[in-house]
Structure formats: structure tokens, C-alpha cells
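Please keep the structure in view while going through the numbered points.

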Amino acid sequence: MMAEQKNKVGPVWVIAEQIDCRLLSVSTQLIGQARKLADELNTSVEAVLLGDGIEGQIQELIAAGAKRVYLGNAPELAFYHPERYTEIIVNLAEGHKPEIILIGSTAMGRELAPQMAARLKTGLTAHCIDLVLDEDKNLEQHIPAYGGLLSIVCPKRRPQMATVASGVFTTPEPDETRTGEVIELLLPDIVYDRIETLQVVREEPKGVPLESADIVVAGGAGAGDLEGWHKIADLANCLNGALGATRPAVDEGWTELTTMIGQSGKMVSPQLYIGVGLSGEQQHLVGVVDAKVMVAINIDNRSPVFEQVDYGIVDDCREFLPVLIEKIKAYQERLVTC
Ligand SMILES: Cc1cc2nc3c(=O)[nH]c(=O)nc-3n(C[C@H](O)[C@H](O)[C@H](O)COP(=O)(O)OP(=O)(O)OC[C@H]3O[C@@H](n4cnc5c(N)ncnc54)[C@H](O)[C@@H]3O)c2cc1C
């Protein structure tokens, strides 16, 4: 158990992640932030990477700032396995006592992090949007909540654990001159037969990817029904933009979870963001980072979303969108014939 040991500051760990032997960008982003925290704590950054045939990713982690990489490289680790991955990383953490463990808010991280936290008997803050140190050098983990920001600390237990989505922190410039140590891990001698990966099916992303889109049209509960939702999707299509959503739109089944923007969804940084029929809750808008121009279409002129955007249109989106789409199409046709 790792409680109450505050004399020596352990390293800052990043649980890195790869898919098909390609390191996820969130892993290097977390290493960049881990370096800032480690510098302030006067300690080092270390990464843990599990997979099969992943030697090629070691240098990427070191170039991003990891001084040591714990590498589990074996066919049994080719795909994320909840029990096996948890066992290996928890054993390692118990031995090396990291001060902080950062994990991406990915499908893997969302499952792995709480399992690890429970085993390590420590706290975990999910979907952080910033990580800094307070005056006692505890990790301040910021999340949007109750219409503002909450700052969570875990002063009595170690490690302090947080998950963060891709895009919250910027990707650090790689420095190929950096060097680091690689420690190869031995697999625990345990048979895991409760879960077995039989097949991995990859879904091809539809349309323009949200994370890299220049134009994002995000729809919310105000769409009213599937027909209303299709009008929002039509606007995204005619602008050649990506379609995003708030949580209620996903919960209604109008769109997939992969389109959700916000604290527990994706981060976007478009040139133009258009929010349709949504109230501008922090948990959603925190996912809109550095948008150049923001527009909202809402039926209620007192909606808080209007305080967050550059341009506001007060109207019923189900009536306004068909007219807007028609105008945009007519304009596009004029451009082609000119
Ligand atoms: C821990 C946690 C994490 C969360 N993470 C996320 C997240 O990642 N992403 C996310 O989106 N949410 C998230 N949420 C939910 C979030 O708090 C809000 O509930 C959600 O964003 C609200 O969605 P909305 O704006 O679509 O719905 P509402 O708040 O219900 O707003 C609907 C808006 O539509 C307007 N409207 C109604 N009819 C029309 C019409 N005909 N035309 C135009 N406008 C109309 C209304 O005036 C209203 O402003 C999270 C919540 C929690 C607790």
C-alpha cells in the first residue's frame, strides 16, 4: 500500500498508449505536461508502455521528455487486457512509488485508471482540463463542474492520479538528443482467463474528423428530435465541416458518442464553431479550445450560451436552419459559376 509517504518525491509517470504500434498523441502531450510538473517537484518523468513489437516507440517517449521507459513488450500484451495491464502497472507502481500518474482519457485509460486507483488505494480525477501544483506541491486537478471550475487535490494518498483527454495539453517539440533508460518488464506468472480478445474491429471515421476540422457544427438537446438533428447535420455537411454534439444529443441516440465534444468527449479547435440548440454548459464548451469565431443559434435570448460566443442568433433552429442552408447553397453555387 502506498499511503502517507510524503518524504521523498517520486517520479511523475505517464501510462503511454499505442495502437497498432503507433503512439497516441495524448501520451506525448502528457509527457510534456509531466515534465513541467516534474521540474517543479525536482523529480523525473517516466513512462510505462505495454504492447507487442513496440521498440520503435521508445525513442518517441524519450524525445518527448521521459528519462526512463518501462517497457512490457510481448505477444500477450499486443491488445489492452484489463486484468493483465492493471496487474503489471500496479506492481510496478508499488515498487517504484510514483508521485503522480497521468493517463489519457481514452477507451483504455478510462477503464485502466479506476482499476489502478482502486488497487493502489488512492484517488483519481477523470477528464482533467488542467494540472498544476499548489503551494504544498500537491497536484491541483481542474475539472469543469457546477457551472465553473473545481480544483481537486489528493493530499494524503500517493500516487495522485488523473486522466486527461487528447488536445488538453499541446504536443511538445521532440528533442532527439535526449537520452533515457529502458527497463524491460517481466510478465507476471498469472493466468488470466476471464477476458479474451477474439477480434479487433476498427471503425472507419465518417466525414471530417472533429479534432482537425476547421469548421465544427455542434448540436444539442434543442434539436428536439431526429428530424431536427438531421438539419444540424445538413448544416455541417454543406459547410464541409465536422458534426459535434452535446451529451443529451448522444443520450437521445441521434448521434454517436464519438461526436461528443467536451470534458468527457473530444477537444476541438476550429476556425469556426457553430453551436445549435445547446446551452453552452462548461462541460461542453471546455472542449472548444481556441476557436477563432464562435456562433450560437438558440431559441431563448437569455440562454447563457450567448455570453460565450462572438455572434448569437435567436431563433428556432428547426425553422432557421433550412433557410440558412438554402442561402449557403445558393452562395456556393454563385461562387462556382463566377
Ligand atoms: C461529469 C460530467 C461530464 C460531462 N461531460 C460532458 C461533455 O463532455 N460534453 C457535453 O456536451 N456535456 C457534458 N456533460 C453534460 C453537461 O453538463 C450539459 O448537461 C450538456 O452539455 C447540456 O447539453 P445541451 O446544451 O444540449 O442541453 P440543454 O442544457 O438542455 O440545452 C438545450 C438548449 O437548446 C435550446 N433550444 C431548445 N429548443 C430549441 C430550438 N428549437 N432551437 C434552438 N434552440 C433550442 C434551449 O434554449 C437550451 O439552451 C457532462 C456532465 C457531467 C456531470
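1. The second largest pocket has a volume of about 270 Å³. A pocket is an open set of points on a 1 Å grid over the protein atoms alone, where a 1.4 Å probe fits and protein lies on both sides within 12 Å along at least five of seven lines. Grid points are joined across faces, edges and corners, and the volume is the space filled by probe spheres set on them.

2. The model is predicted: local features need pLDDT of at least 70, side-chain atom pairs count only at pLDDT 80 or more, and totals for chains, interfaces and linings use all residues. Residues are numbered from 1 along each chain as its sequence is written, and side-chain values use heavy atoms, with hydrogens and water left out.

3. The lining of the second largest pocket consists of 19 residues (each with an atom within 4 Å of a grid point). Nearest the centre of this pocket lie Thr 246, Arg 247, Pro 248, Glu 281 and His 284. Helix 6 and helix 7 each give at least two residues to the lining; helices are DSSP runs of H or I with at least four residues, strands are runs of E with at least two, and both are numbered from the N terminus.

4. What sits in the second largest pocket? The ligand does, in the sense that more than half of its atoms lie within 2 Å of the grid points. Helix 6 (247–251), helix 7 (282–285) and helix 8 (317–337) are the elements that contribute two or more residues to the shell around the ligand.

5. The ligand is surrounded by 26 residues (a heavy atom within 4 Å), and the closest are Thr 246, Ser 264, Ser 279, Gln 283 and Asn 298.

6. A polar backbone atom of Ala 221 is 2.8 Å from an oxygen atom of the ligand, and a backbone N or O atom of Gln 263 is 3.0 Å from an oxygen atom of the ligand. In the side chain of Ser 264, an N or O atom is 2.6 Å from a nitrogen atom of the ligand.

7. Two backbone details lie in loops. The peptide bond from Arg 158 to Pro 159 is cis, with omega near 0 degrees, and Pro 159 is placed between strand 10 (148–152) and strand 11 (160–164). Asn 240, although not a glycine, has a positive phi of about 55 degrees.

How values were computed. A polar contact is a pair of N or O atoms within 3.5 Å; within protein, one must be able to donate a hydrogen and the other to accept it, and residues adjacent in sequence count only if both atoms are side-chain atoms.
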